[in-house]
Structures are given as structure tokens and as C-alpha cells.
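Me: I have a sequence and a structure open, and I would like to learn how to read them. Could you take me through some features one by one?

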Amino acid sequence: MALVTSKEMFAKALKSDYAVGAFNVNNMEIIQGIVDAAKEEQAPLILQVSAGARKYAKPAYLLKLVEAAILDTGLDIVLHLDHGEDFDICKKCVDDGFTSVMIDGSKHEFKENIALTKEVVEYAHAHGVVVEAELGKLAGVEDNINVDARSATFTDPQEAAEFVAKTGVDSLAIAIGTSHGAYKFKGEPYLDFERLKEIHKLIPDTPLVLHGASTVLPEFVARCNEYGGNIPGAQGVPEEMIRTATAHGICKVNIDTDLRLAMTAEIRRFLIEKPAEFDPRKYLGPARDAIKSMVQHKIKNVLNASGQR
Ligand SMILES: [Zn+2]
């Protein structure tokens with residue numbers, strides 16, 4: 001049991017039709033819910049920390065909480081920086097003991113993205129840390145997904161091959177129609193699987209990463225709205241689409257929104273149903289349980305990663 005890199009996890013997942021879940025963590029209850037689920041399912045696990053999480057919980061707390069999770073569960077866990085925006089934050093996380101970092105240069109021009117990613121790869125690899133990069137732009141819900149918009153923002157397969165060859169990056173996040181948040185599609189959900197297959201064919205040894213891959217589970221949205229919430233029209237990526245993606249080179253599936261919804265739905269319900277209670281453990285406990293069972297469902301039924309530890 002230790003902090004490990006994702007190298008072996010991805011090599012194994014690449015050969016098979018399952019993906020490793022990468023869950024965003026912000027506090028103790030979220031971490032405990034996720035790791036207890038992964039332990040019960042005997043699944044490989046990536047815990048990831050965003051810049052927002054670092055700001056909210058402070059880096060030292062998150063690092064120590066993840067170390068505690070390893071101690072408590074005996075699991076091997078990848079500690080990953082999500083969406084590092086520049087070299088400095090990636091370096092900081094490498095120096096802090098993260099085993100994986102993402103450098104997100106997707107907002108830059110192609111050549112600039114290559115140069116930035118290469119710089120991070122060189123530093124990280126020299127310290128035994130792996131790197132995820134991003135090419136293409138995740139669709140926003142405002143985006144009109146016609147053919148022109150797709151080719152302008154989605155990952156170009158030829159560029160992906162060139163990018164990986166020139167940077168030496170370990171895994172690549174691609175844009176095929178997913179987006180961050182709870183409002184992923186206005187109409188029918190659409191992912192460009194032909195593009196995914198083409199990318200996977202050109203770089204078959206590169207593990208691909210799907211960001212914005214929460215399914216926005218309707219039961220949690222309904223519960224939030226039932227107990228005073230106001231999140232109408234929330235829609236995620238259907239589970240069937242995630243399963244298809246994992247069969248075509250997607251080795252890492254990022255999940256954050258579903259954790260937020262599971263936690264919030266339980267807290268909302270508790271506070272409305274038990275207005276006299278004011279002990280945070282009384283509502284954070286059930287919220288942690290909700291996260292655990294949601295993550296178990298993902299691992300078992302969507303990522304197909306049970307027993308792949
Ligand atoms: Zn992302």
C-alpha cells in the first residue's frame with residue numbers, strides 16, 4: 001500500500017474494457033466515501049485535486065488525508081493534480097509528493113501547448129511522476145455542436161498523434177463532446193465516438209482520459225430539487241456512453257459533479273426532514289454513505305473496474 005503512479009493501472013486498463021475512476025476530493029468525508037467504495041470493489045483508484053480544492057482545503061490537509069486513506073484501507077492510490085494551469089503548480093505538486101500531474105495547456109496554441117507540456121514532462125519524469133495533458137477544448141453547454149464547431153474544438157486525431165510523439169506525455173485528455181458541470185447537453189447527449197476510435201487507432205499505446213464524465217444521476221438531481229434545491233435541466237453523459245468509451249482507449253474517467261450531487265442531495269434531505277438536528281456528523285455521515293454507494297455503482301456498473309486492483 002502506497003502512493004503509486006498510474007502507469008501500471010493504465011497499462012492494464014488499456015488491454016481491457018474497463019477504466020480507472022478518477023474522483024475529485026475536497027474534504028475528509030468525500031475521501032472516505034470514495035476509498036471505502038474502492039476497497040470494497042477491489043478497484044484501482046485515482047484521487048485528484050484541483051486548484052480549487054487546494055485553495056479550499058489547503059494542500060497539506062489533502063495530502064495527509066490521502067496518506068491516511070492509504071493507511072486505513074491498505075489500497076494503492078494515485079494522487080493526481082487535476083487541471084494544472086502552468087509549470088509552477090505542476091512542479092509544486094511533484095515536489096509535494098503527488099504521483100501524477102495534469103498540465104492543461106488546452107487554452108494555448110498547439111505549439112505552445114506542446115512546449116509547456118514537454119517542460120512539465122521533463123521535470124515530472126525526472127522525479128518519477130507521470131503526466132496527463134489535454135488537447136482540444138471541452139464543449140460548453142452553450143456551444144452549438146454542429147460539424148464546424150466540432151472540428152474547431154474537438155481533438156484532432158492527427159494532432160493528437162503528433163502531440164504525444166513530441167511531448168512524451170503519459171496520458172491524454174481529449175475533447176469528444178463532454179463538458180464540466182451539471183449541464184452537459186441541451187438536447188440529446190452526443191459524443192463523437194468515430195473521433196475517439198480514430199485517435200485510439202493512431203495512438204493505441206496512449207491511455208486516453210475523459211473529463212466531464214459525470215452522468216448527473218437523476219435520483220440525486222430529483223432529491224436536491226425535492227428538498228428545496230433549484231437545479232432544473234441538469235443532464236450528464238449517459239452511462240451507456242461511458243461504457244462504450246472505455247472500450248475504445250478511455251482508461252481514466254473523471255467524476256466530480258456526481259460526488260457533489262450525491263453529497264448535497266443527502267444533506268438537503270436530512271436538514272429538511274430533521275430540522276431540530278444540528279450535529280454536523282448527523283448529516284455528513286449519510287452524505288459520506290451516499291458518496292460511497294454512488295462510487296461503488298460507478299466502479300461496478302459503469303467503469304467495469306471491480307476486482308481489477
Ligand atoms: Zn476536467
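Reply: Start with one side chain: lysine 197 is partly exposed, with a relative accessible area of 36%. Buried means under 20% relative accessible area, exposed means over 50%, and partly exposed is in between (1.4 Å probe, protein chains only). Before going on, note that this is a predicted model, where local features need pLDDT of at least 70, side-chain atom pairs count only at pLDDT 80 or more, and totals for chains, interfaces and linings use all residues. Residues are numbered from 1 along each chain as its sequence is written, and side-chain values use heavy atoms, with hydrogens and water left out.

Me: Which residue does lysine 197 meet in a salt bridge?

Reply: Side chains of opposite charge can pair when their charged atoms come close. A salt bridge here is a side-chain nitrogen of Lys or Arg within 4 Å of a carboxyl oxygen of Asp or Glu. Lysine 197 meets glutamate 194 in this way, at 3.6 Å from N to O. Glutamate 194 is exposed, with a relative accessible area of 57%.

Me: Where do glutamate 194 and lysine 197 lie?

Reply: An α-helix has 3.6 residues a turn, so residues three or four places apart point the same way. Both residues lie in helix α9 (residues 193-202), three residues apart, about one turn of the helix. Helices (H or I, at least four residues) and strands (E, at least two) are DSSP runs, numbered from the N terminus.

Me: How many salt bridges are found in the whole structure?

Reply: The search finds 18. One of them joins glutamate 132 and lysine 252, whose closest N and O atoms are 2.7 Å apart. Glutamate 132 lies in strand β5 (residues 130-135) and lysine 252 in strand β8 (residues 250-255), so this pair ties together parts that are 120 residues apart in sequence. Both glutamate 132 and lysine 252 are buried.

Me: Is aspartate 256 buried or exposed, and what does its side chain meet?

Reply: Aspartate 256 counts as buried because its relative accessibility is 18%. It lies in the loop between β8 and α12 (257-273). Its side chain meets that of arginine 260 in a salt bridge (3.1 Å, N to O). Arginine 260, at 53% relative accessibility, counts as exposed. Elsewhere, salt bridges that share partners join Arg223, Glu266 and Arg269 into one network.

Me: Which residues coordinate the zinc ion?

Reply: Look for donors, which are N, O and S atoms within 2.8 Å of the metal (3.2 Å for Na, K and Ca); water is not among the atoms, so sites may look incomplete. Here the zinc ion is coordinated by His83 (NE2), His180 (NE2) and His211 (ND1), at 2.0 to 2.1 Å. Histidine 83 lies in strand β3 and histidine 180 in the loop between β6 (171-174) and α9, so the pair ties together parts that are 97 residues apart in sequence. Histidine 83 is partly exposed, with a relative accessible area of 23%, and histidine 180 is also partly exposed, at 46%.

Me: Which residues of helix α5 are buried, and what covers them?

Reply: In α5 (residues 87-96) the buried residues are Phe87, Ile89, Cys90, Cys93 and Val94. Their cover includes α3 (51-57), β3 (78-84), β4 (100-103) and α6 (110-126). At the N-terminal end, aspartate 86 caps α5, with a side-chain oxygen 3.3 Å from the backbone nitrogen of aspartate 88. After α5 comes glycine 97, whose phi is positive, near 115°.

Me: What does isoleucine 103 touch?

Reply: Not counting residues up to four places away in sequence, isoleucine 103 touches several residues, among them Phe87, Cys90, Leu116 and Val131. Isoleucine 103 is in strand β4 and is buried, with a relative accessible area of 0%. Its C-alpha atom is separated by 4.7 Å from that of glycine 84, 19 residues apart along the chain.

Me: How many helices and strands does the protein chain have?

Reply: The protein chain has 13 helices and eight strands. Of its 309 residues, 54% count as buried. The C-alpha trace spans about 60 × 45 × 35 Å along its principal axes.

How values were computed: Contact = heavy atoms within 4.5 Å. Polar contact = N/O pair within 3.5 Å; in protein donor to acceptor, adjacent residues only side chain to side chain.
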